[in-house]
Amino acid sequence: MADSFVLNTGARIPSLGLGTAKTEPGTVGEAVYTAVKAGYRQIDCAPAYRNEKEIGLALKKLFEESVVKREDLFISSKLWSGNHAPEDVPEGIDTTLEDLQLDYLDLFLIHAPVRTEKGAVRTAENYISLDVPATWGAMEKLYDSGKARAIGVSNFSCKRMEDLLAIARVTPAVSQVESHPGWQQTKLRALCQSKGVHISAYSPLGRPGSPAFKGPSFLSNPIVISVAEKLQKTPAQVALRWGLQMGQSVVPKSTNETRIKENFDIFDWSIPEDLMSKFSEIPQIKTLRAEFVVHPQGLYKTVEDFWDGEI
Ligand code: A2P
């Protein structure tokens, strides 16, 4: 299995990246440093995670120590909710580039269908209506300028994706969504594959141990466990490998060196077809329902509104 996928821009995206969401300040820089030293070549960032400055310092150290060169890494980030107005989109990427100490991104995504007034606190009652065609037009200009070498979206339902594809001059290169054996995104994957859009899977481990998700972890599903036992791998490695074999890149989060390395060991083995087919029997439970976007006076009255019923 190749260690990268080709995007519709012609560029390659490393199939494994480090996720940096909700990573405690003071730990994310070390995690990025450890991951790149272990061989990771993709780092997935966002201003919403409030840690880009610390990641920037880690990247600087990696470059100064000649562990890697800038062009060896694939770095993505996302548009902040308060920068959706077309005239504010350039400032969105510029702030991120300054914090990460970079002069271009390999990928810039609209973080979510969530928009606030510029400078407003990002709470559900402050959300305002989106204008995706206008925001996307400004993202396309960033792509034209080379500051963002690929553009895409995150947390878009199939419906939103279809609406975007209908108006886009530059087809999104990537759709980043929650995806793992316990939330397989079958419909979105078929849509994206038919249009040449690559899926990047966030929370590819299903957020084990997250206080925000109380449901059963698919990592303890008997099918995942039996595949892991047969292949002498861990359930986490099996989950990540499943993602690669489904054609998506995966960006697991970890700040633990042992698990960062464990998650990297997914390239020189594979899940045979007869075992891959068993994954369709795993119950589907979305771990990030995003209840925090709902407010009785806000844009989204229910989580179904936010996900267009695809939940
Ligand atoms: P830790 O940082 O202690 O390793 P996801 O990427 O699906 O959102 O999951 C992130 C969570 O999964 C983190 O809490 C991380 O904890 C944990 N995690 C990362 N790698 C593994 C692994 N190989 N096995 C079990 N848990 C893991």
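Two strands count as paired if DSSP finds at least two bridges between them. Keep that in mind, and remember that this model is predicted.

**Stop one: the sheet**

Select strands β3 through β10. These eight strands form an open sheet, in the order β3-β4-β5-β6-β7-β8-β9-β10. The pairing is parallel. In general, strands of a sheet pair through backbone hydrogen bonds, either parallel or antiparallel.

Which strands stand at the edges? Colour β3 (18–19) and β10 (249–251) to find them. Each has a single partner strand, so one side of each is left without a neighbour in the sheet.

Now select β9, residues 198–202. β9 pairs with β10 in the parallel sense, over three bridges. Show Tyr202 and look across: Val251 in β10 stands opposite.

**Stop two: two helices**

Next, select α2 (residues 52–64) and α3 (residues 89–100). Their axes come within 7 Å and cross at roughly 45 degrees.

Show the side chains where the helices meet. From α2, pick Glu52, Lys53, Ile55, Gly56 and Leu59. From α3, pick Thr96, Asp99 and Leu100. By class, this contact has three nonpolar, two polar and three charged residues.

**Stop three: a pocket**

Now turn to the second largest pocket. Its volume is about 250 Å³. Which residues lie nearest its centre? Select Trp183, Gln185, Thr186, Leu188 and Glu310. They belong to a lining of 18 residues.

Two elements give two or more residues to this lining: β8 (174–178) and α6 (186–195). The largest share, three residues, comes from α6. Colour the lining by class: eight residues are nonpolar, six polar and four charged.

Methods
Residues numbered from 1 in each chain as written. Predicted model: local features only at pLDDT ≥ 70, side-chain atom pairs only at ≥ 80, totals over all residues. Heavy atoms only, no water. 1 Å grid on protein atoms, 1.4 Å probe; cavity = no way out; pocket = protein on both sides within 12 Å on 5 of 7 lines; lining within 4 Å. Points joined across faces, edges and corners; volume = space filled by probe spheres on them. Helix = DSSP H or I, 4+ residues; strand = E, 2+ residues; numbered from the N terminus. Nonpolar A, V, L, I, M, F, W, Y, C, P; charged D, E, K, R; others polar. Axes fitted to C-alpha atoms, helices over the stretch in contact; angles between N-to-C directions. Contact = heavy atoms within 4.5 Å.
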